[in-house]
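My entries follow in the order in which I looked things up.

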Amino acid sequence: MSFVKILFAACLLPAACYAQDDLSGMFKDSAKRSLPVIATFKSTRIINGQSNETLGKNELDFRVGHRFGDMAGSNGGAKTFFGMDNSTDIRIAFEYGVSDNLTVGIGRSKGSGNLSQLYEGLVKYRLLQQTTDNRIPLAITLFGNAVVSAMESAEEEASPAYFGKFSDRMSYTAQAVLARQFGHAFSLAVLPTYVHRNRVGYADMNGMFALGVGGRLRFTNRLALVVDYFVPFRDQASKDFAKTQGMEYYNSLGVGLEIETGGHVFHVNFTNSTATLENQFIPETTSTWTNGQFRWGFNISRRFDLDRKHKH
Amino acid sequence: MKHLILLMLCLPLALGATAQDVYASRNVSLSFFSKAPMEDIDAKTTQCVSAINIKTGAVYFKVAVNTFQFKKSLMQEHFNENYLETHKFPNAEFKGKLLDLPDLTKPGTYTVTVEGTLDMHGVKKTYREKGTLTVAVGSIAVSSTFKVRVADHNIKIPRLVVKNIAEVVDVTVSGKYAPAK
């Protein structure tokens, strides 16, 4: 009797498993998939600094960066409409995705620092992309640029803007962007950076290391807070000499609001640095938040897909 | 002893018979197409998993939404980040049943009606759609095309891009199923 029962049950058991109308159990393992983490940052820039993001293949990014004058302090206030009558730097650039991992770009910046009338060529390469399963926990992107100044040479030889030879007009940046998205709302980037300026003033440094940090905190799908901060490692002798000239160097801090509208990414930001290029805002920031020497500015990014095959 | 042998014989028999009732596939193609004044959007994945029980008529589909590949990378980013919010709702799932179940053990082509619930973007909605099943020896080919109204699944299109995305999206399913092991 009991054997018959067991026999009966044994025959029914597998049948019962399959006969259930819920077939979802068959694919319990299908969720554990390794996918690249996308949109660690919304744009290729955090504020001043680079993000780990590159453009998609055949995408063109038209970028405009604008920094106004000091909001407060001796150059700000009501007489300059809180800095809006002045612009410390304006950058217009085209960047293009050669592949999903490689972006190249050209830009023109007014320049704000020792040199002005700057032409920039840049290369950005995505080495590693973070994955959802943490098999790759960190995104790594490499950035480099070369900048040439088209300004007229200064008269006096001691000036950093005196160009004895063409190479005096050049400066370079090499940077790694190490970024990670924590959860979905928060992304963090660390940016070890090296800036080289061929021509600098007395006691200034040609080559300088710096460390940047940047972050993005999402409020909604389209709105985020972005922050970036750069600490240049300037030697004491150089700082001391600058002080004798009545000048002080500061770390660059940017705080901004990022608004994404589908194709456009718009930043409204506040920074103490006057320049938009790494070659200048890292080593040459001489204005400080505490003196009211911060400014509002904006970055606009408009991305176009240039691949004709994608059109219908 | 006699019982035990019977039991041993009976077990694989029972398993074998019932396993053949379920056909499954791990690479069902799923694509959607949206025609809008500004631009057409189409995307595809082949990583949808699905199973059909030909005896009970139970049907199951599941897809990781972020496996959809778009031709434009920015579109793919917006799809995952802004519209489907795949970080919150990683999978889309359909559980349903074939109505008026034909005898799917016999080779042939059958037009069937499936009714069930699509759980997408955190919103469940009942659908009743037609599909075609082509039964051959050892395989079943499945195909269906149906429409999904994005608003039904709480997918919000901002007024700014309303000309870029259609309100109703055509979804196409096709796959070849083999008996589940």
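I count two strands as paired if DSSP finds at least two bridges between them. Strands (E, at least two residues) and helices (H or I, at least four) are DSSP runs, numbered from the N terminus. Within this pair I noted A:V268, which stands opposite A:F298 in strand 12 of chain A.

The model is predicted, local features need pLDDT of at least 70, side-chain atom pairs count only at pLDDT 80 or more, and totals for chains, interfaces and linings use all residues. Residues are numbered from 1 along each chain as its sequence is written, chains are lettered from A and ligands numbered from 1 in the order in which they are written, and side-chain values use heavy atoms, with hydrogens and water left out.

I followed the pairing around chain A: 12 strands close into a barrel in the order 1-2-3-4-5-6-7-8-9-10-11-12, with antiparallel pairing. The twist averages 20° from one strand to the next; axes here are lines fitted to C-alpha atoms, for helices over the stretch in contact, and angles run from 0 to 180 degrees between N-to-C directions.

On one side, strand 9 (residues 223-232) of chain A is joined to strand 10 by eight bridges, running antiparallel; A:G254 is the bridge partner of A:D228. Strand 10 also pairs with strand 11 of chain A, in the antiparallel sense, over seven bridges. There A:V255 stands opposite A:F270. The hairpin of strands 10 and 11 of chain A has three residues between the strands, and A:G262 takes a positive phi near 90° in it.

A:Q130 counts as buried because its relative accessibility is 4%. Its side chain reaches the backbone nitrogen of A:Q181 at 2.9 Å, a polar contact (N or O atoms within 3.5 Å; within protein, one must be able to donate a hydrogen and the other to accept it, and residues adjacent in sequence count only if both atoms are side-chain atoms). Leaving aside neighbours within four places in sequence, A:Q130 is in contact (heavy atoms within 4.5 Å) with residues including A:L35, A:P36, A:V37, A:A179 and A:R180.

I placed A:R169 in the loop between strand 5 and strand 6 (170-182) of chain A. Is A:R169 buried or exposed? With 18% relative accessibility, A:R169 counts as buried. A polar atom of its side chain lies 2.9 Å from the backbone oxygen of A:S149, and one lies 2.7 Å from the backbone oxygen of A:M151. The C-alpha atoms of A:R169 and A:L118 are separated by 9.2 Å, at 51 residues apart along the chain.

A:F82, in the loop between strand 1 (59-68) and strand 2 (87-97) of chain A, has phi near 55°. A:F82 is partly exposed at 41% relative accessibility. A:Q117, in the loop between strand 3 (102-109) and strand 4 of chain A, has a positive phi of about 50°. A:Q117 is partly exposed, with a relative accessible area of 33%.

I read two helices and nine strands, in the pattern α-β-β-β-β-α-β-β-β-β-β. Of the 181 residues of chain B, 49% count as buried.

Technical notes: Buried < 20%, exposed > 50% of the residue type's maximum accessible area, 1.4 Å probe, protein only.
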